[in-house]
Amino acid sequence: ALRLLVDTDKALMHYERAAKIDPSNPYGMMGMAYAHILRGRASLSPEEKRKHGQDALTLALNAIALGDFLWEAHYIAGSLYGGLELPESKLADLAKAPQHLAQALVLEPNATDLWLARAKVMRAIGDRTAAISDLGTYLRLRPESVEALTARPLDMGGSQFEIVEKRRKVPDLGMIDLRFRPLLEKMLQPD
């Protein structure tokens with residue numbers, strides 16, 4: 001909970017204390033990895049960014065080695081390898097990033113940030129088809145994200161019934177540039 005309050009120093013202190021009690025706890029390792037990412041983001045020094053990035057990657061990989069069931073650990077590793085998190089840490093390895101993000105998606109297929117992260121990595125490695133497919137999945141799961149292209153939010157609220165009904169059809173894309181509309185219509189088709 002402390003990491004969510006962005007008191008990363010205190011969070012790391014508690015995670016390190018927990019690691020002394022149970023050094024093989026993958027949840028603690030994953031929490032420490034995330035805290036290192038937050039500290040790296042806040043750091044001004046390139047050396048500190050690299051150190052926090054390396055620490056985060058090592059902890060995420062150790063958590064994965066203890067039991068391959070934490071999608072968040074794969075997300076951290078994939079984001080660091082993909083250069084999406086702490087690119088200054090120079091940990092980018094575009095051959096490893098898609099593997100970790102794919103495993104994270106197997107473990108948690110509805111995590112929208114994973115689909116967007118993998119779309120960015122696939123674009124970076126030149127696989128445009130996979131990038132568009134992943135972006136399409138992201139937009140199907142979060143159609144309100146289309147607002148980034150329209151500069152106004154889509155109304156996706158209401159009762160549970162209304163929300164489900166709104167997601168069963170393509171939202172009005174009349175305000176979208178004609179060049180993007182066919183692609184968005186295709187990506188937002190209900191499954």
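The model is predicted, so local features need pLDDT of at least 70 and side-chain atom pairs pLDDT 80 or more, while totals for chains, interfaces and linings use all residues. Residues are numbered from 1 along each chain as its sequence is written, and side-chain values use heavy atoms, without hydrogens and water.

**The core.** Select Ala73, Ile76 and Leu80, which touch the most other members of the largest nonpolar core, a set of 39 residues. Such a core joins buried Ala, Val, Leu, Ile, Met, Phe, Trp, Tyr and Cys residues through side-chain atoms within 4.5 Å; buried means under 20% relative accessible area (1.4 Å probe, protein chains only). Among the elements that give two or more residues to this core are helix H1 (8–21), helix H4 (71–81) and helix H10 (181–187). Helices are DSSP runs (H or I, at least four residues), numbered from the N terminus.

Next, centre on Ile76. Leaving aside neighbours within four places in sequence, Ile76 is in contact (heavy atoms within 4.5 Å) with Met30, Ala33, Tyr34, Ile37, Ala56 and Ala60.

**Helix H7.** Select residues 128–141, which form helix H7. Within H7, Ala130, Ala131, Asp134, Gly136, Thr137, Tyr138 and Leu139 are buried. Now display H6 and H10, which are among what covers these buried residues. H7 has 14 residues and reaches 20 Å from its first C-alpha to its last, close to the 20 Å expected at 1.5 Å a residue; the expected span is 1.5 Å times one less than the number of residues.

Finally, select Arg41, Tyr75, Ser79, Glu85 and Asp113, the closest to the centre of the second largest pocket among its 18 lining residues. A pocket is an open set of points on a 1 Å grid over the protein atoms alone, where a 1.4 Å probe fits, with protein on both sides within 12 Å along at least five of seven lines; lining residues have an atom within 4 Å of a point. H2, H4 and H6 each supply at least two residues of this lining.

Notes:
Buried means under 20% relative accessible area, exposed over 50%, partly exposed in between (1.4 Å probe, protein chains only).
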